[in-house]
Amino acid sequence: MLNLERLRTLDALARHGSVSAAADGLHVTTSAVSQQMSKLEREVGQQLLARNGRGIRLTDAGRLLADHAAKILSQVQIAQSDIEAQRGQVVGEVRLAAFPTAARGLFPAALTTLRAEHPELKLRTTELEPERGIRAVLRGDTDLAVVLKWSNKRLPTPGGLAKAELLDDAPDIAMPAGHPLADRDEVDLEDFADDDWVSWPEGEFCYDWLMFTLRSKGIEPRIAHLAGEHHTQLALIAAGFGVCVAPRLGRGPVPEGVRLVPVRQQMRRHVHAVWRKDADRRPSIRAAVAALRAAGRALHEPVTPESPMP
């Protein structure tokens with residue numbers, strides 16, 4: 001009889017590609033991963049892993065069993081969802097991820113609601129950029145991720161995922177209070193063609209969006225500073241080192257010396273939650289989505305109608 005936890009370990013190795021990454025995904029030690037794989041190899045009577053330089057690779061037998069493990073674990077997820085749905089109780093554990101401003105702007109209120117309404121539900125959260133959040137849901141490393149797409153640049157959502165809209169976030173342009181456009185009621189992005197920009201780090205979805213948006217308007221952006229945290233970006237703006245896009249979600253206090261002006265083109269970040277369809281019937285997922293939606297409504301940002309929650 002194959003052990004389910006050992007199959008889960010093999011599946012993590014196949015998805016992550018290394019013992020250390022698999023251990024991180026499973027929240028165990030590397031020695032625990034190695035021990036589970038040694039036991040699994042003894043159970044099946046075949047070598048499942050082979051050395052590959054300093055790392056490891058799956059043998060043919062390992063890849064074959066890993067394919068079966070992924071299917072078995074998916075069926076287990078469906079079975080768990082059906083059992084939870086039949087019982088109708090919001091219990092167990094739900095793992096949530098969100099990009100930083102959503103984690104700051106939505107998680108405190110949503111988690112407070114969940115703790116009050118479902119005290120037996122264990123909650124775990126982490127910050128992940130949108131693309132990493134989607135990958136984590138697909139891998140099964142997290143149950144639900146809060147992600148975003150811009151009104152002019154979508155984030156592809158792979159098959160096998162369900163989603164629910166949470167809110168629309170209308171960002172502003174942040175500039176030093178002494179900027180020539182600081183007294184405007186509205187601005188266009190083209191107004192900042194000659195300004196230095198403070199941006200998200202290269203490779204992040206919002207960095208790619210900023211480059212795409214400015215270039216589509218004939219502007220070759222002058223990216224002077226990169227910072228992942230919006231508070232850091234605003235601190236640089238306050239010191240006079242450029243301008244930046246400043247989303248409203250999770251913004252918090254704005255430093256003195258920073259002026260925020262709405263963009264005339266009505267840029268929008270559409271914020272939504274995604275989870276695996278095979279977990280769709282889990283009461284804990286539905287409770288988490290409801291709490292996140294309530295937190296979004298409390299911010300008074302209307303949601304553009306799209307697909308309703310299944």
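**Entry 1: the second largest pocket**

I started with the second largest pocket, which holds about 300 Å³ of space. For my own reference, on a 1 Å grid over the protein atoms alone, a pocket is an open set of points with protein on both sides within 12 Å along at least five of seven lines, while a cavity is a set where a 1.4 Å probe fits but cannot get out; lining residues have an atom within 4 Å of a point. Grid points are joined across faces, edges and corners, and a volume is the space filled by probe spheres set on the points.

This is a predicted model, in which local features need pLDDT of at least 70, side-chain atom pairs count only at pLDDT 80 or more, and totals for chains, interfaces and linings use all residues. Residues are numbered from 1 along each chain as its sequence is written, and side-chain values use heavy atoms, with hydrogens and water left out.

I looked up the lining of this pocket and found 17 residues, with His27, Thr126, Leu128, Ala136 and Asp141 nearest its centre. Helix 2, strand 3, strand 4 (121-127) and helix 6 each give two or more residues to that lining. Helix 6 gives the most, with four. I took helices (H or I, at least four residues) and strands (E, at least two) as DSSP runs, numbered from the N terminus.

By class I noted four nonpolar, six polar and seven charged residues in the lining of the second largest pocket. Here Ala, Val, Leu, Ile, Met, Phe, Trp, Tyr, Cys and Pro count as nonpolar, Asp, Glu, Lys and Arg as charged, and the others, Gly among them, as polar.

**Entry 2: the largest pocket**

Next I turned to the largest pocket, with a volume of about 840 Å³. I found 33 residues lining it, and the closest to its centre are Arg8, Gln77, Arg95, Gly140 and Asp141. Which helix supplies the largest share of this lining? I found that it is helix 4, with seven residues.

**Entry 3: the cavities**

I then searched the whole structure for cavities of 30 Å³ or more and found two. The largest cavity has a volume of about 90 Å³, and its lining includes Phe99, Thr101, Trp200, His230 and Arg269. I noted six nonpolar, three polar and three charged residues around it.

The second largest cavity has a volume of about 60 Å³. Thr101 and His230 are among the residues that line this one. Helix 8 (230-238) and strand 10 (244-246) each supply at least two residues of its lining.

**Entry 4: the cores**

I looked up the largest nonpolar core, and of its 63 residues, Leu106, Leu144, Val146, Ile173, Trp197 and Val245 touch the most other members. Apart from it lies another core, of 17 residues, among them Leu7, Ala23, Leu48 and Ala69. A nonpolar core is a set of buried Ala, Val, Leu, Ile, Met, Phe, Trp, Tyr and Cys residues joined through side-chain atoms within 4.5 Å, and buried means under 20% relative accessible area, exposed over 50%, partly exposed in between (1.4 Å probe, protein chains only).

**Entry 5: a hairpin**

Last, I checked strand 1 (residues 49-52) and strand 2, which pair in the antiparallel sense over four bridges; two strands pair if DSSP finds at least two bridges between them. Ala50 has Arg57 of strand 2 as its bridge partner. Between the strands of this hairpin sit two residues, and Gly53 takes a positive phi near 65°.
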